[in-house]
Amino acid sequence: MQKTLVRRLATLAMIPAALIGMIAIAAPAEAATVSMTTLQTQVVSLSNAERVKAGCKGLRVNAELLWAARGHSKFMATTGKFSHSGSGSSTFVARARAAGYTAARSENIAWGYRTASEVVKAWMKSPGHRHNLLDCGAKTFAVGVVYSSNGTPYYTQDFGSR
């Protein structure tokens with residue numbers, strides 16, 4: 001546990017200060033047993049419910065952001081690296097651009113939560129995640145979930161401005 005905490009803090013320390021307000025990291029629990037697509041759909045629905053409760057509009061899913069989010073979750077699940085830095089040290093902005101989306105706004109990541117409800121509740125308890133999720137200026141988003149070989153789910157939630 002302490003080793004994991006140290007690794008997360010070290011990862012956070014590598015994030016430029018200007019991006020800290022735009023990104024956040026959540027902690028793990030046990031793996032889920034539902035399909036990745038079902039889990040993604042549930043996280044989208046619960047995230048939009050939280051947005052509406054807070055007075056923001058629900059967001060539509062963007063296919064390009066979905067490609068970027070799934071790709072990053074796949075990278076984390078395959079490598080075991082839990083970080084906003086992806087393949088080739090890519091940022092969420094670079095991954096969104098590579099997927100054809102030019103207005104990336106913020107990113108939330110998490111791993112290990114068994115259910116959509118657990119991950120959304122965890123994001124809502126974290127100031128950085130909550131800020132991203134309840135950002136009324138966001139126009140679109142997507143959630144990518146990929147299971148690692150041992151069944152642990154990795155989540156990426158990307159938000160955009162168009």
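**A disulfide, a buried helix face and a buried glutamine**

Modeller: Cys 56 and Cys 136 form a disulfide, with sulfur atoms 1.9 Å apart; the term denotes a pair of cysteine sulfur atoms within 2.5 Å. This is a predicted model, in which local features need pLDDT of at least 70, side-chain atom pairs count only at pLDDT 80 or more, and totals for chains, interfaces and linings use all residues. Residues are numbered from 1 along each chain as its sequence is written, and side-chain values use heavy atoms, with hydrogens and water left out.

Biologist: Which parts does the pair Cys 56 and Cys 136 tie together?

Modeller: A disulfide is a covalent bond between the sulfur atoms of two cysteines. Here the structure holds 1 disulfide. Cys 56 lies in the loop between H3 and strand S2 (60-61), and Cys 136 in the loop between H7 and strand S4 (140-147), so the pair ties together parts that are 80 residues apart in sequence. Helices (H or I, at least four residues) and strands (E, at least two) are DSSP runs, numbered from the N terminus.

Biologist: Why is the disulfide of Cys 56 and Cys 136 called left-handed?

Modeller: The disulfide is left-handed because the torsion about its S-S bond is about -75°.

Biologist: Is Cys 56 buried or exposed?

Modeller: Buried means under 20% relative accessible area, exposed over 50%, and partly exposed in between (1.4 Å probe, protein chains only). Cys 56 counts as buried, at 7% relative accessibility, whereas Cys 136 counts as partly exposed, at 47%.

Biologist: How is the aromatic pair of Trp 123 and Tyr 155 to be read?

Modeller: A pair of aromatic rings is described by the distance of the centres and the angle of the planes. Rings of Phe, Tyr and Trp (its six-membered ring) pair if their centres lie within 6.5 Å; planes under 30 degrees apart count as stacked, over 60 as edge-to-face and the rest as tilted. The count comes to 4 aromatic pairs. Trp 123 and Tyr 155 form an edge-to-face pair, 6.5 Å centre to centre with 80° between the planes. Trp 123 lies in helix H6 and Tyr 155 in strand S5, so parts 32 residues apart in sequence are tied together.

Biologist: What covers the buried residues of H6?

Modeller: The cover includes helix H3 (36-53), strand S3 (104-111), helix H7 (127-133) and S5; contact means heavy atoms within 4.5 Å.

Biologist: Which side chain does Gln 157 join by a polar contact?

Modeller: Gln 157 is buried, with a relative accessible area of 0%, and its side chain joins that of Ser 47 by a polar contact of 2.9 Å. Such a contact is a pair of N or O atoms within 3.5 Å; within protein, one must be able to donate a hydrogen and the other to accept it, and residues adjacent in sequence count only if both atoms are side-chain atoms.
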